[in-house]
Amino acid sequence: MNFKHLHYFWMAARAGGIVRAGEQLHTTPQTLSGQIKLLEDRLGRKLFRKAGRQLELTDDGRTALKYADEIFALGNELENALRRPRGADERVLEFRVGVADSVAKSVAYRLLEPALNLTEPVRMVCHEWKYADLLAELALHRLDLVIANEPLSRRVSVKAFNHELGRTPMSFFAAPALMARLGGPFPRCLDGQPLLVHSATSPVRQQLEAWLARERLAPRIVGEFDDGALMKAFGREGRGIFLAPTVLEGEVSAQYEVRVVGRSEELVEDFFAISVERRITHPCVAAITQAARSDLFAGV
């Protein structure tokens, strides 16, 4: 493989197009397209396809991009290592972690942050993808750890192990104007009110539907969201009541200027660290699991 061709592809994919990448590389779009075409011929796969006037990555292109990211990251690491004076600090510990896109960003940060507090230098490479995609990367040993809000199922043909981090109940939040319109005690005050919920595949959503049925409550679902941050943004504007982990109550209330409507011990969100190690040996994974169990979820 000609790695110059791979570098041209990598730059075009990262820049978002041939023209912009050509400007960064100081070469013409025609030359750049020709070099990428040679790479596609060598691999026997199309890496880009036309989407209107734009180019987008094919499935094979996304796979190639993942490898290219690692190849050129290692190239930079090699260069930095050789430029370091002899006798300087030891090699930086690389920690490759995937976070399921259903995990709240604030929770993900608080879970991962202890990995950066080790005495040895750490370089964290963090990916946020669909849960199934992350498990596939873990199976290929491209990730050291996956953070998720559901355990690895035995039905999944991936040889990995669940490490429980902790659980938190769920709290309901509302903007002050909407809060003022709620009548009666919790949870009866939810009946007939606008509700913002996670997507149907979320473990919390499935618990919520069962809980509402048991409580004989019928709120009006006015929005379903894959992105929890977007859901909270709608909630901040008074578009509906929404759920978030109780462990983040103070942070959510301050950031989105909302109030706690109530809490349910029956609605819980569990968090897991999934790794190929049965017994944890990676220093970053050990720091994450220990801090989660002794600090983040200890008082919930």
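Trainee: At roughly what angle do the axes of helix α1 and helix α2 cross?
Mentor: This is a predicted model, in which local features need pLDDT of at least 70, side-chain atom pairs count only at pLDDT 80 or more, and totals for chains, interfaces and linings use all residues. Residues are numbered from 1 along each chain as its sequence is written, and side-chain values use heavy atoms, leaving out hydrogens and water. Helix α1 (residues 3-15) and helix α2 (residues 18-25) have axes that come within 8 Å; helices are DSSP runs of H or I, at least four residues, numbered from the N terminus. Between these axes, lines fitted to C-alpha atoms over the stretch in contact, with angles from 0 to 180 degrees between N-to-C directions, the crossing is roughly 120°.

Trainee: How does α1 lie relative to α2?
Mentor: Under 35 degrees counts as roughly parallel, over 145 as roughly antiparallel, 65 to 115 as roughly perpendicular, and the rest as oblique. The angle of roughly 120° therefore makes α1 to α2 oblique.

Trainee: Which residues of α2 make the contact with α1?
Mentor: Contact means heavy atoms within 4.5 Å. From α1 come His 7, Tyr 8, Met 11, Ala 12 and Ala 15. Their partners in α2 are Ile 18, Arg 20, Ala 21, Gln 24 and Leu 25.

Trainee: At roughly what angle do α9 and α10 cross?
Mentor: Helix α9 spans residues 228-236 and helix α10 residues 249-256, with axes that come within 10 Å. The two are oblique to each other, and the crossing angle is roughly 55°.
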